[in-house]
Amino acid sequence: MATTRQTAAGVTVPDTKLAREATELVRDCTTELVYHHSRRVFWFGSLQGRNRGLSFDPELLYLGAMFHDLGLNAQFGSSGRRFEVDSADEARRYMQGRGAPEDSIRRVWTAIALHTTPGIPEFMEPEVALVTAGVEYDVLGIGYHDISAADRAEITALHPRPDFKRRILETFTEGIAPKPATTFGNVKADVLERFVPGFRRGNFVDVIENSDWPE
């Protein structure tokens, strides 16, 4: 059961129709694990934004956080594309259907599409940078000590992460294994290599050497 409390660690979820309906959609469409993770991404991303002195739109950060893993669900992931793109496209459909400005939609789409592509989002708009920062904090522990133990405890009391490392890896595997080719050149190849017997990651050098170009 999702909590109704909206404030933790000095950060409040935007009380807008767009944010409220996104919360309900994600809560209804995803597992409890993904729902709690997505909410934590908003809080951790917001706190990292504060730490970095970034000015960002909380509503756009929230939407990026809430939709970022939706493409792992079978109902949203049948396109054959990377799950990040499926997630981003679903956020775009949601926002377009509610009349959101195109620049806002672009920022949210980009934030979601790039959240597993390290080394790029941090140099883009704050909302793009902070969705990735929130994901990296919650999943990878990057910048773990940038946020106080008290703030971490308040957020994880609100949205717990029991056995999270194992369960999120299981979720990644289940969501991506049906389309293994989409892991070429991104970090999710590591997941399938570890957990899917017989998986062989695509190799950039092989692609070059085996291309149709004559020498």
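This is a predicted model: local features need pLDDT of at least 70, side-chain atom pairs count only at pLDDT 80 or more; totals for chains, interfaces and linings use all residues.
Residues are numbered from 1 along each chain as its sequence is written, and side-chain values use heavy atoms, with hydrogens and water left out.

The chain holds ten helices and two strands, where helices (H or I, at least four residues) and strands (E, at least two) are DSSP runs numbered from the N terminus. Read from the N terminus on, the order of the elements is β-β-α-α-α-α-α-α-α-α-α-α. The radius of gyration is 17 Å, close to the 17 Å that the globule rule gives for 215 residues, so the chain is as compact as a globular protein of that length; the radius is taken over C-alpha atoms, and the rule is 2.2 Å times the number of residues to the power 0.38. The C-alpha trace spans about 60 × 40 × 35 Å along its principal axes. Of the 215 residues, 47% count as buried, that is, under 20% relative accessible area with a 1.4 Å probe and protein chains only. Among contacts (heavy atoms within 4.5 Å) with a separation of 6 or more, 64% are accounted for by residues 24 or more positions apart.

Two packed helices are described by the angle between their axes and the distance between the axes. Axes here are lines fitted to C-alpha atoms, for helices over the stretch in contact, and angles run from 0 to 180 degrees between N-to-C directions.

Helix H3 (residues 58–67) packs on helix H6 (residues 126–140) at an angle of about 40°, with the axes 9 Å apart. H3 and H6 are therefore oblique to each other, given that angles under 35 degrees count as roughly parallel, over 145 as roughly antiparallel, 65 to 115 as roughly perpendicular and the rest as oblique. On the H3 side Leu60, Leu61, Gly64 and Ala65 take part, meeting Glu127, Leu130 and Val131 of H6.

In the second pair, the axes of helix H4 (residues 83–96) and helix H5 (residues 102–113) come within 8 Å and cross at roughly 160°, and H4 and H5 are therefore roughly antiparallel to each other. The contact is made by Glu84, Val85, Ser87, Ala88, Asp89, Ala91, Arg92, Met95 and Gln96 of H4, together with Glu102, Ser104, Ile105, Val108, Trp109, Ile112 and Ala113 of H5.

Note on methods. Buried means under 20% relative accessible area, exposed over 50%, partly exposed in between (1.4 Å probe, protein chains only).
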